[in-house]
Amino acid sequence: MSTYVRKLAGLLAALLLALPLLAAAPLSARAAVSQVADLGELLSDEEETALDARMEQLEEEWKQAFVIVTTRDAQGKDAEAYADDYYDTHGYGENGVLFLIDLDNGQVWISTAGAMIRFLTDARIEEVLDAGYEALQAGQYARGLWQMLDATEAFLGEGIPAGNYRFDPETGNVMRYRSLGTAEILFAAAAGLAAGGILFFAVRSRYRSKSGSISYPFRSQGNLTLTRQEDHFVNQVITHRKIPKSPPSGGGGSSVHRSSGGVRHGGGGRSL
């Protein structure tokens, strides 16, 4: 066996041995990211372990990231910016929610990302905060966080509310969520089949071959006449529309903004 062949065989063997490690790398990196970051030391070891297990169960069931962060030092940021930036920079994924207890700014804040923006509308975020607010004000942080997790799971079970939209107060853009129910899907399928069937039989009946030959007087009917046609620009009309700065009424809406990293987030909070 030549030296070149031996080197090639050795390289292939090394690659085969490395494949399992490469495949497991993303999972290991994700697992290394803690779902409970008790930087403010507000939770006991037992409370932190219980909350972490609860969020793992929620994440597995709903395929959304669940994160809890406590801090006494917001690094000069307000609660919203701190929560958004923490979520963005710690690899939690595109879809998820972060619950922040910020004793530096004296606030509890909820930051949503991806699909969770649709589930937790502004009104629902207020209800989630209501669920744990009394306990948080009393300094019972684990209990308050647990109650907010329960309220969040209840809203996930209800699904995205009808008429849901995302609203950006800075630009006035409204992004509506469109969905079809089972009855609407069945009706649309039936209507499509009926329309297709009617069109098929109409065309078939019209073009069905008839007995005998068809004689077309192409010499007398085959004349070609060319005419000259010109388009003239007459005037121009420009319509100006003011961009709305307030959300539309009706339905469940989520106000969104962009973090310092350019990621779109929803969220809300209140003082403790």
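Student: Two strands count as paired when DSSP finds at least two bridges between them. In which sense do E7 and strand E8 pair, and over how many bridges?

Tutor: This is a predicted model, in which local features need pLDDT of at least 70 and side-chain atom pairs count only at pLDDT 80 or more, while totals for chains, interfaces and linings use all residues. Residues are numbered from 1 along each chain as its sequence is written, and side-chain values use heavy atoms, with hydrogens and water left out. E7 and E8 (residues 264-271) pair in the antiparallel sense over three bridges. Strands (E, at least two residues) and helices (H or I, at least four) are DSSP runs numbered from the N terminus.

Student: What lies between E7 and E8?

Tutor: The two strands form a hairpin with five residues between them, and Gly 262 in the turn has a positive phi of about 85°. Across this pair, His 257 has His 265 in E8 as its bridge partner.

Student: Which strand runs parallel to E7?

Tutor: Strand E5 (residues 165-167) does, joined to E7 (residues 253-258) by three bridges. There, Phe 167 has Ser 255 as its bridge partner.

Student: And how many bridges join E4 to E8?

Tutor: Seven bridges join them, and the strands run antiparallel. Ile 110 is partnered with Gly 268 in E8.

Student: Changing topic, which residues have the most contacts inside the largest nonpolar core?

Tutor: They are Phe 66, Phe 99 and Met 148, in a core of 28 residues. A nonpolar core is a set of buried Ala, Val, Leu, Ile, Met, Phe, Trp, Tyr and Cys residues joined through side-chain atoms within 4.5 Å. Buried means under 20% relative accessible area, exposed over 50%, and partly exposed in between (1.4 Å probe, protein chains only).

Student: Which elements give two or more residues to this core?

Tutor: Among them are helix H2 (45-62), strand E2 (65-71), strand E3 (96-102) and helix H6 (141-158). The largest share, eight residues, comes from H6. A second, separate core has 15 residues, including Tyr 86 and Trp 109.

Student: Which residues of H2 are buried?

Tutor: Leu 51, Arg 54, Met 55 and Leu 58 are buried in H2. They lie on the same side of H2 because they cover an arc of only 95° around the axis, the arc being that of the directions from the helix axis to the C-beta atoms.

Student: What covers those buried residues of H2, and what does the face turned away carry?

Tutor: The cover includes strand E1 (36-38), E2 and H6. The face turned away from the buried side carries the exposed residues Asp 45, Glu 46, Thr 49 and Glu 60. Just after H2, Lys 63 takes a positive phi of about 60°.

Student: One more: is Thr 70 buried or exposed?

Tutor: Thr 70, found in strand E2, is buried, because its relative accessible area is 1%. A polar contact of 2.5 Å joins its side chain to that of Asp 38; such a contact is a pair of N or O atoms within 3.5 Å, where within protein one must be able to donate a hydrogen and the other to accept it, and residues adjacent in sequence count only if both atoms are side-chain atoms.

Conventions:
Contact = heavy atoms within 4.5 Å.
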